[in-house]
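Hi everyone, thanks for coming.

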Amino acid sequence: MRVVDLIDKKKRGNSLSNEEIDYLLDNYLLGNISDYQMSAYLMAVYFKGMEADELSYFTLKMKDSGDTIAFTEIDRYLVDKHSTGGVGDKVTVILGPLLSALGMATTKLSGKGLGHTGGTIDKFESIKNFKFSNTREELVKIANSTGVGLMGYSDKIVPLDKKLYALRDVTATVDSIPLIASSIMSKKLAIQSDLIILDVKVGDGAFMKTIEDARKLSKTMVGIGNSLGRKTVAILTNMDEPLGTEVGNSNEIIEGIEALKGNWNDDVKEVVYNIAYIALKEKGQVTSFEEAENIIDEVVASGKALETFKNFLKESGADENIVNDYSLLPTPQNTISVYSEKEGYVSKIKAEDIGKSAMVIGAGRATKEDEIDHAVGLTLYKKVGDKISLGEKIAEIHYNDDKNIKSSKDLLLKSYIIENGNIEKKSNVLEIIY
Ligand code: URA
């Protein structure tokens with residue numbers, strides 16, 4: 001077999017056989033195939049795509065390039081909820097304890113934030129002494145005792161993705177639906193779960209800017225998961241404004257704790273309840289959203305969800321008292337308010353600019369090497385659909401270092417699109433794809 005023939009085959013829009021994919025991926029991982037040939041193949045995939053069977057096999061091969069994790073010791077329904085990345089996305093912080101209180105368990109890998117989007121690891125690392133699981137043994141132990149099993153990505157899991165992603169990054173082949181789908185799904189398949197729920201964010205602040213692209217990616221990922229015997233559901237959610245009111249790290253943890261106490265922001269509640277509903281339905285516990293809503297209301301109102309979160313904190317080495325004393329979290333030294341320079345109704349809050357506004361004051365990373373300031377972030381006082389007067393407070397910026405405060409404020413003001421006339425508020429759950 002010659003690599004040049006495989007590139008040529010893909011360039012002409014033909015499918016590679018399983019043996020050809022084995023040859024290409026095995027030898028690339030071993031270093032026997034050069035980056036320039038692999039780049040040509042990736043570009044051919046970018047333009048010609050992959051057939052469903054070909055993509056499923058490609059994804060399986062990616063998954064098998066490294067360690068896989070099984071949880072034979074855990075006797076609960078295992079859910080892996082994955083977000084494609086958003087701004088203000090604290091869903092995992094809330095959903096983990098909530099699913100556990102509902103009798104299920106979360107088993108998933110979590111990531112760090114990069115660019116304008118945040119990461120679950122960074123949010124939890126706001127909490128003093130909180131320790132993420134690093135090994136399968138730690139993950140099993142914590143998932144068993146708390147029902148919340150979160151682990152950071154390791155180089156040993158799907159090493160081929162790491163190598164291919166780095167190449168895609170410098171060859172303009174990141175935004176290819178089959179390559180994104182196989183990259184995400186290979187990492188999901190490497191960790192055992194009974195159900196994979198993909199929260200595909202759609203809008204200005206998301207990877208997928210349009211509902212059409214989000215639908216295409218979702219159908220591709222659901223197809224891969226289901227064809228490989230793993231029940232997979234995608235939920236398309238709105239990212240035409242950040243989720244909730246807090247954007248940052250420790251302030252997003254506080255918003256998450258408040259939700260577990262029953263003090264929800266509406267959009268966060270809608271997304272979390274719908275994901276929990278999908279889990280309860282696939283587990284076979286409910287048949288309607290209303291039924292799920294009653295059960296979820298009950299575990300929040302009884303305090304069970306909050307207790308589960310406290311237990312998770314304790315088992316992770318942190319002080320459970322933070323749920324009643326937010327001063328135990330990193331606290332910013334300064335806050336400035338930002339006032340509207342227009343009047344009308346908020347029609348959109350460009351999540352990407354909001355993410356950047358938080359990033360420049362230290363809440364996020366511009367490069368992988370940047371250090372995060374967990375104390376800083378934004379609080380949004382106006383959301384889409386809200387009426388706003390000239391000079392009215394839109395948001396607060398919480399900061400420690402005033403170096404980039406002007407650019408943070410400019411980005412924040414630029415992100416708010418204010419129009420005349422009433423704005424119809426969209427549902428935050430756009431579609432569910434089974
Ligand atoms: N996230 C991933 O894990 N991989 C991609 O290719 C894109 C987003």
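Let's start inside: 22 residues line the largest cavity, and His116, Thr117, Gly118, Gly248 and Ala363 lie nearest its centre. By cavity I mean a set of points, on a 1 Å grid over the protein atoms alone, where a 1.4 Å probe fits but cannot get out; lining residues have an atom within 4 Å of a point. Helix 6 (120-124), strand 6 (246-248) and helix 15 (351-363) each give two or more residues to that lining. Helix 15 contributes the most, with four residues. Helices here are DSSP runs of H or I with at least four residues, strands are E runs of at least two, and both are numbered from the N terminus.

A word on where this comes from: the model is predicted, local features need pLDDT of at least 70, side-chain atom pairs count only at 80 or more, and totals for chains, interfaces and linings use all residues. Residues are numbered from 1 along each chain as its sequence is written, and side-chain values use heavy atoms, leaving out hydrogens and water.

Now to the loops. Most residues other than glycine have a negative phi. Asn129, in the loop between helix 6 and helix 7 (136-146), has a positive phi of about 70°. Is Asn129 buried or exposed? Asn129 is exposed (over 50% relative accessible area), because its relative accessibility is 57%.

Ala172 sits in the loop between helix 8 (159-169) and helix 9 (177-189). Ala172 also has a positive phi, near 55°, and counts as exposed at 56%.

Methods:
On a 1 Å grid over the protein atoms alone, a cavity is a set of points where a 1.4 Å probe fits but cannot get out, and a pocket is an open set with protein on both sides within 12 Å along at least five of seven lines; lining residues have an atom within 4 Å of a point. Buried means under 20% relative accessible area, exposed over 50%, partly exposed in between (1.4 Å probe, protein chains only).
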